[in-house]
Amino acid sequence: MRKKIVAGNWKMNKLADEAVALTSELVNMANDEVKGDVKVILCPPAIYLTTLKKYIEESPNFALAAQNCSDKVSGAFTGEISAAMLQSIGIEYVLVGHSERRQYFNESNELLAAKVNIALEYGISPIFCCGESLDQRQNEDYIGFVKNQITESLFHLSAEQLLSVVIAYEPIWAIGTGLTASAEQAQEMHAALRAHIAAKYGAETAEEISILYGGSVTAASADELFASPDIDGGLVGGASLKSREFTNIIKAR
Ligand code: PEP
């Protein structure tokens, strides 16, 4: 059985008291309303991780993710946060290769492979983001492009290592735009990525890996998206900043 996951990427939003309030509200609402074994992963700004850890302690279905980590072990890299540091405060997941990191910080598939490696070395599961631009969808082999992102950043891993990775397919044209990929468009890509993984690692491994969809997911669109056979949950941006909306998305999963 694949893990069902709903992750909330807060990006660079929320002040300290707001971060605590949102986390407490989410934990309370989930305790009251969410049935079943969905994993909820909150991805707040790194500065809040230690504080928020205390607020999810009693809720085993909640976990925290950093939004990024360095590809280096330690040393003179001012402003960076290492995987070892995340491990030392008990963080279980890290986003790797979000399209905003790829776009604004020039993160390449090769660099992301190094980030995946170091996260795994320190026992942290990468949530590996991939996805095509609108131009690529309209003019190129967009499925081939996303498959290649996975090949170049993940296919050096062993099957066992790969199963510690969560994949998040996030078409760039749907992130923060209000444009959601239709359930058919998302399912097409998820099935293609699962087949790509099966061709390299075998059907059993491909069947086990969770592939999340991200891109303007709301409570209104979540039901249909999450009902698709190869969509195992969502990576949610804007709608994860509102406790009622995000709880409704978790309930859809
Ligand atoms: C994201 O940042 O990963 C994301 C999917 O954002 P949004 O839901 O706001 O499109």
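Analyst: Helices here are DSSP runs of H or I with at least four residues, strands are runs of E with at least two, and both are numbered from the N terminus. Residues are counted from 1 along each chain as its sequence is written. The model is predicted: local features need pLDDT of at least 70 and side-chain atom pairs pLDDT 80 or more, while totals for chains, interfaces and linings use all residues.

Consider the pair formed by helix α11 (residues 219-226) and helix α12 (residues 243-252), whose axes come within 9 Å and cross at roughly 15°. The two helices are therefore roughly parallel, a term for angles under 35 degrees. Axes are lines fitted to C-alpha atoms over the stretch in contact, and angles between N-to-C directions run from 0 to 180 degrees. The crossing of α11 and α12 is right-handed, meaning that the near helix is turned clockwise from the far one by less than a right angle.

On the α11 side, A219, A222, D223 and F226 take part, and they meet E245, N248, I249 and A252 of α12; contact requires C-beta atoms, placed from the backbone, within 7 Å. By class, this contact comprises five nonpolar, one polar and two charged residues. Ala, Val, Leu, Ile, Met, Phe, Trp, Tyr, Cys and Pro count as nonpolar, Asp, Glu, Lys and Arg as charged, and the others, including Gly, as polar.

For context, the shell around the ligand has five nonpolar, seven polar and one charged residues.

Terms used:
Parallel < 35°, antiparallel > 145°, perpendicular 65-115°, else oblique. Contact = placed C-beta atoms within 7 Å.
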